[in-house]
Amino acid sequence: MTFISYAQNYEDVMLWRALKHVENGFYIDVGAAWPDEHSVTKAFYNAGWSGINIEPNAEYIEQYNEERKEDINLSVAISNEAGETEMFFISGTGLSSLNQEIVEGHSKLGWEATPSIVKVRALEDVCEEYCLDKEIHFLKVDIEGFEEQALQGNNWSKFRPWVIVVEATLPMSQVENYEIWEPILLGANYIFAYADGLNRFYVATEHKEILAAFKYPPNVFDEFRLGREVEAESKAEQAEVKAEQAEVKAEQAEVKAEQAE
């Protein structure tokens with residue numbers, strides 16, 4: 001069966017290769033952004049999985065509430081402790097961040113940021129509430145320069161996703177910044193498995209049998225197509241059907257006009 005990829009950098013292709021044997025799996029997406037565009041979890045949701053989408057942008061969470069009825073959708077930010085803090089939102093993008101320095105960099109490039117107070121939770125707190133009886137098959141973290149704090153906020157001996165995907169470069173750049181947070185995962189008995197130029201993938205030592213799935217980048221043997229291509233084809237087919245229907249109506253109208261003469 002052809003796999004339809006929606007993720008920005010084929011992250012879902014890599015995860016599917018490693019985890020497609022799991023039925024009705026469970027994911028956590030920290031910094032979920034949109035439920036469709038650039039989504040690492042949409043393909044899994046379509047395949048019968050469910051999970052937790054964590055996104056402080058209320059507009060995006062409303063979309064999740066509409067499109068992901070089987071998921072848990074939380075409008076909060078993730079850090080190493082609970083509370084409230086100021087977050088800087090850049091409308092219509094995935095660039096919003098708790099990191100003021102990073103947002104100031106975006107502002108210099110012309111992006112307009114609007115500050116707002118958001119609720120903050122630690123990952124351990126979220127897992128305590130929703131995952132005590134669940135196996136977490138993958139965790140994705142992409143929160144624009146706040147990855148270290150998010151990873152600090154979990155109990156890695158208690159809540160152990162099989163695979164962890166973390167954005168490993170500074171926002172909108174190829175400058176790697178994983179050195180500041182990678183020791184957290186390595187110290188928690190995770191094995192570095194793969195880097196795709198944007199993210200780094202880690203596998204829990206107790207699931208090292210799936211490490212082989214990360215040996216090569218996405219390729220022809222993964223039998224995948226891009227969601228945007230499938231959507232474009234669908235729209236083209238719909239337009240063709242409408243054109244044919246319009247042609248039939250025009251012909252029918254012409255016949256009626258001739259009969260009326």
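The model is predicted; local features need pLDDT of at least 70, side-chain atom pairs count only at pLDDT 80 or more, and totals for chains, interfaces and linings use all residues. Residues are numbered from 1 along each chain as its sequence is written, and side-chain values use heavy atoms, with hydrogens and water left out.

A nonpolar core is a set of buried Ala, Val, Leu, Ile, Met, Phe, Trp, Tyr and Cys residues joined through side-chain atoms within 4.5 Å. Buried denotes a relative accessible area under 20%, exposed one over 50%, and partly exposed the range in between, for a 1.4 Å probe and protein chains only. The largest such core has 31 residues, and Ile-28, Val-30, Ile-54 and Leu-185 have the most contacts inside it. At least two residues each come from β2, β3 (50-54), α5, β8 (138-141), α6, β9 (163-167) and β11. These helices (H or I, at least four residues) and strands (E, at least two) are DSSP runs, numbered from the N terminus. A second, separate core comprises 26 residues, including Ala-18, Val-40, Val-163 and Val-165.

Leaving aside residues up to four places away in sequence, Val-30 touches Ile-54, Ile-78, Leu-123, Leu-139, Lys-140, Val-141, Asp-142 and Ile-143, where contact means heavy atoms within 4.5 Å.

In α1 (residues 11-19), nine of nine residues are buried; among them are Glu-11, Trp-16 and Arg-17. In α5 (residues 123-130), Leu-123, Val-126 and Cys-127 are buried. Viewed down the axis of α5, its buried residues fall within an arc of 95 degrees, so they line one face of the helix; the arc is that of the directions from the helix axis to the C-beta atoms. An α-helix has 3.6 residues a turn, so residues three or four places apart point the same way.

Charged side chains come next. A salt bridge requires a side-chain nitrogen of Lys or Arg within 4 Å of a carboxyl oxygen of Asp or Glu, and the count comes to nine. Glu-129 is partly exposed at 47% relative accessibility, whereas Arg-121 is buried at 9%. Asp-71 and Arg-68 form a salt bridge at 3.1 Å; Asp-71 counts as buried at 8%, and Arg-68 as buried at 3%.

Glu-147, in helix α6 (residues 147-152), is buried yet has no salt bridge, and the nearest side chain of opposite charge, Lys-140, is 8.8 Å away. In assigning charge, Lys and Arg count as positive and Asp and Glu as negative, while His and the chain ends are not counted. Beyond residues up to four places away in sequence, Glu-147 touches Val-141, Asp-142, Val-166, Glu-167 and Trp-181.

Most residues other than glycine have a negative phi. His-38, in the loop between β2 (26-30) and α2 (42-46), has a positive phi near 60 degrees and is partly exposed at 38% relative accessibility. Glu-223, in the loop between β11 (199-204) and β12 (224-226), has a positive phi of about 50 degrees and is partly exposed at 48%.
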